[in-house]
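Dear colleague,

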Amino acid sequence: MKGRKIITLCCSTVLLVFIAVMAGSMYMLDFSLKAVPQEERLYSIAHADSMAEAFRDTFVVMPSGERHHAIFMRNDSARGRTAIVVHGYKDNCMKFSPIAMMYYRSMGYNILLPDLHGHGKSEGEDIRMGWYDRWDVLHWTKVAESIFRDSTETSRMVLHGVSMGAATVMCLSGESDLPEYIRCFVEDCGYSSVWEEFSMQLKEQFSLPPFPLMYTTDMLCRMRYGWGFREASPLDMVVRCRRPMLFIHGDADTFVPFAMLQPLYDAKPEPKMKWIAEGSEHACAYKDHPEEYAAEVKTFLERYME
C-alpha cells in the first residue's frame, strides 16, 4: 500500500513537472515568435530620414499567398546598383531608412526596404528569425530587379541587414544558385544562431538555463512553424557563402553579444571584410559613427560591386 502511494506521488510529480515545462515552453514560444497583430503595429517614422515622404510603397503576393510590403526609391545615378536594407526583430522597414539613405545619397544607389513576414505592413502571425525570411528577401531581390531594371546597365545588388535582418541576409548568402545580380552582403550585428541567441536571452531575461525549456520550445517551434532553433543558423550558412561579405558589430553590444562576431567572420570564406564600431551598443553602429560607417561600406562596395 505504501509503495503504491509512493509510485502515485512520483507519477503525479512527474506529470506536474511535465505540465509546467510545456506551459513554460508555450509561453516562451509566443513570447519570442508571436507577431504583434497587424492592426496594432506601430509604423512610426520617428527613426526615418527627412526624405521619408519620398519613398514609394509596393505590395507583392509572396509564393505563400501572403501580401507583403516594401518601400523603395529610384536613383537616376544608380547605373544598375541597388541596396536592399533589411530591418531587425519587431522593427519595420522605416527603422533603418537612414542606412538606406546612406546608399542613396552617398553612393547613388536605388534602395528598397521590405517589411519582413509578421512585421510592419506585411502579413504574417509569427516571427521567423531570418530563417524563412531569407526566401522572402530573395523574392524581393527579384521585385527590385524588375522595378529598377536598366537596359543600359547590368543589375547589381548588395543585401544589407541589421540584427535579425543581418541574420536573414547571412542565411540567404549560403544558398546555392543565387541570382548573379546579388553581388555581396553586409551584415550588421547579426547573431550566430537562433539557439545561441535565445539561450542567451533566456539566461539574461529569466535567469534560466537552456535545459529543459530551450529543448521543449524548440520542439514546439518545429511542430507549429516547421523549423528549429538549431537549423536557423547564420553560422552554418556563411560557411557556404562564396560572395563577398562585410561584417559590422559594435564592441559594446550585449543584446547580440560582440563575441558572436569572430566565429561568424572566421567561418566565412574569402572574400570578406570586417569593421568594429567602437563603443556602440546593439544596432547603433551607424547612429554612433555615420561617417566612418559610410566610409567602410563604400570601400567594401568599391571593391566588390563596381
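Which element gives the most to the lining of the largest cavity? That element is α3, with three residues. Please keep in mind that this is a predicted model, in which local features need pLDDT of at least 70 and side-chain atom pairs count only at pLDDT 80 or more, while totals for chains, interfaces and linings use all residues. Residues are numbered from 1 along each chain as its sequence is written, and side-chain values use heavy atoms, with hydrogens and water left out.

The structure holds one cavity of 30 Å³ or more (a set of points on a 1 Å grid over the protein atoms alone where a 1.4 Å probe fits but cannot get out, lining residues having an atom within 4 Å of a point).

Turning to the helices (DSSP runs of H or I, at least four residues; strands are E, at least two), α2 (residues 97–107) and α10 (residues 290–304) pack at an angle of about 65°, with their axes 11 Å apart; axes are lines fitted to C-alpha atoms over the stretch in contact, and angles run from 0 to 180 degrees between N-to-C directions. Their contact (heavy atoms within 4.5 Å) is made by Ile99, Met102, Tyr103, Ser106 and Met107 of α2 together with Tyr293, Ala294, Val297, Lys298 and Leu301 of α10, and by class it has eight nonpolar, one polar and one charged residues.

Best regards

Conventions:
Ala, Val, Leu, Ile, Met, Phe, Trp, Tyr, Cys and Pro count as nonpolar, Asp, Glu, Lys and Arg as charged, and the others, Gly among them, as polar. On a 1 Å grid over the protein atoms alone, a cavity is a set of points where a 1.4 Å probe fits but cannot get out, and a pocket is an open set with protein on both sides within 12 Å along at least five of seven lines; lining residues have an atom within 4 Å of a point. Grid points are joined across faces, edges and corners, and a volume is the space filled by probe spheres set on the points.
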